[in-house]
Amino acid sequence: MLIGRQKEIKILNTVLESNKGEMIAVIGRRRVGKTFLINNIYKDHIIFEQTGVRNAPEEKQIKSFVKKIEILAGKKMDDPEDWMDVFFMLRKALEKHVNKEKKVVLFFDELSWLASDGSSFLDYLGYFWNDWASRQNIVVVLCGSASSWIIQKVINDKGGLHNRVTKYIHLKPFTLAETEEYFQREKKAKFTRYQITQMYMAFGGIPLYLEAVERGKSAIQNINDICFSETGLLKNEFNRLYPALFEHADHHIAVIRALAKKHSGMNRTEIIKTAKVPNGSSTSRVLEELEQSDFIMAYHPFGKKKKDKIYRLTDEYSLFYLRFIEDTTYEGDGTFMQLSQLQEFKIWCGYAYENICMKHVPQIKKALGVSGVYTTTYSYYKKATADEKGLQIDMLLERADRVINLFEVKFYNTEFVFTKAYAAKVQERLHLFMRLSKTRNYTLMTMITTFGLKHNMHSLGLVDPVLVLDDLFTA
């Protein structure tokens, strides 16, 4: 049963109702549920489905493809010489299935593996589409986890596939609300929202990872079993994840490891220095690929130019793996229970909660009552000088109604309480931002806590409003 994905489902159903041939590109990171979505919505329409084989040579890809055509045609085919012959075979086999009454779907999955280096697959796919399929009652779905590859080779193609994609879907991980719905409907489990958030910090909203969660176990127990036990699903997933997505993934992994060292993010120069990667177009491509695959987020510091953008690692599993799984020896069921009591873990939870907030800006806007207002999310950083203190604000929202929300994010297991010292610090940060940024916008200090704020004399009039974890769980 599908959870969420309402926008994507609407797009897919709209295509079935159109009166022309359609080509859809579906991208999204590995394990996010792309194939599951397509097979569920188009299960009564798919008449041909082919998945690329990783690292298989072209002749093996062709052989596998022809076997599927033989199933469709119901007869043995002659051996083809190349992809041109293959697509003519496919066209011939399809002719008796195509009619005006019902759309038929051709589903090409893991496209980057199917169209391996040096292959003419995409050239003849373009010819097949332009010469015949585009005028039939056909939907061609092109799907893959190598998001940047599909964007470059298909969506931005300058050859036969140029401007041929009629619909484009970028499938994202589940939100907190969708994760909660998944647990309730698929697992029949009613975890508290605090526990769901704990697991989200370790796994993110990746459906395949969430499948491993067991009802009847606490969040701590599930994280322990999935991430730390020798047979846990995510014990060594990091070592498989990036090589499965990217050719020559060493630089991608180096960038991920570099960004994991600084929770507030790095600019391009800092990444090159820390990751020890080349200062050239290859590194630009790596950053672009990681961003398009939803592992990192790029944003611009407030008041800075585009060239100064900051990259931040936002893939929850990668962050959790590099900080706690990689160098931890499994010592039984209590491994993560022991880790979770450490002060460094509690500090890390604050950073992880901040990342989650950055991914749930629509929910934050809804809680603020500004869903219909155009906003931009920024960070702010000003280096200290001999005359002035420095300032770092990891998340702020600039609104078109000339208001800025500066966010203080706190992950606690109880209500947060302002001390006199903390109140003075918040007050100073607010005034310092207004002075350093020279903004003329109305500026509010806004808190996002877990269970709210216990108001006292120190917090009075200082923060407005206060959002809680429940606000992040809205649809």
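Which backbone nitrogen does a side-chain oxygen of Asp 82 reach at the start of α4?

1. It's that of Met 84, and the oxygen comes to within 3.1 Å of this nitrogen. Keep in mind that this is a predicted model, where local features need pLDDT of at least 70, side-chain atom pairs count only at pLDDT 80 or more, and totals for chains, interfaces and linings use all residues. Residues are numbered from 1 along each chain as its sequence is written, and side-chain values use heavy atoms, with hydrogens and water left out.

2. On to α4 itself, which runs over residues 83-94. Its 12 residues reach 16 Å from first C-alpha to last, close to the 16 Å expected at 1.5 Å a residue (the expected span is 1.5 Å times one less than the number of residues). Trp 83, Val 86, Phe 87, Met 89, Leu 90, Ala 93 and Leu 94 are its buried residues (buried means under 20% relative accessible area, with a 1.4 Å probe and protein chains only). They sit on the same side of α4 because they cover an arc of only 155 degrees around the axis (the arc is that of the directions from the helix axis to the C-beta atoms). Their packing partners include α3 (58-73), α6 (121-131) and β4 (138-144).

3. Helix α2 (residues 34-41) has Lys 34, Leu 37, Ile 38 and Ile 41 as its buried residues. These cover an arc of only 95 degrees, which puts them on the same side of α2. Among the elements they pack against are α1 (6-17) and β1 (22-27).

4. As for cysteines, the structure holds zero disulfides (a disulfide is a pair of cysteine sulfur atoms within 2.5 Å). For Cys 227, the nearest cysteine sulfur belongs to Cys 349, 13 Å away. Cys 227 is buried, at 0% relative accessibility.

Terms used:
Helices (H or I, at least four residues) and strands (E, at least two) are DSSP runs, numbered from the N terminus. Buried means under 20% relative accessible area, exposed over 50%, partly exposed in between (1.4 Å probe, protein chains only). Contact means heavy atoms within 4.5 Å. A polar contact is a pair of N or O atoms within 3.5 Å; within protein, one must be able to donate a hydrogen and the other to accept it, and residues adjacent in sequence count only if both atoms are side-chain atoms.
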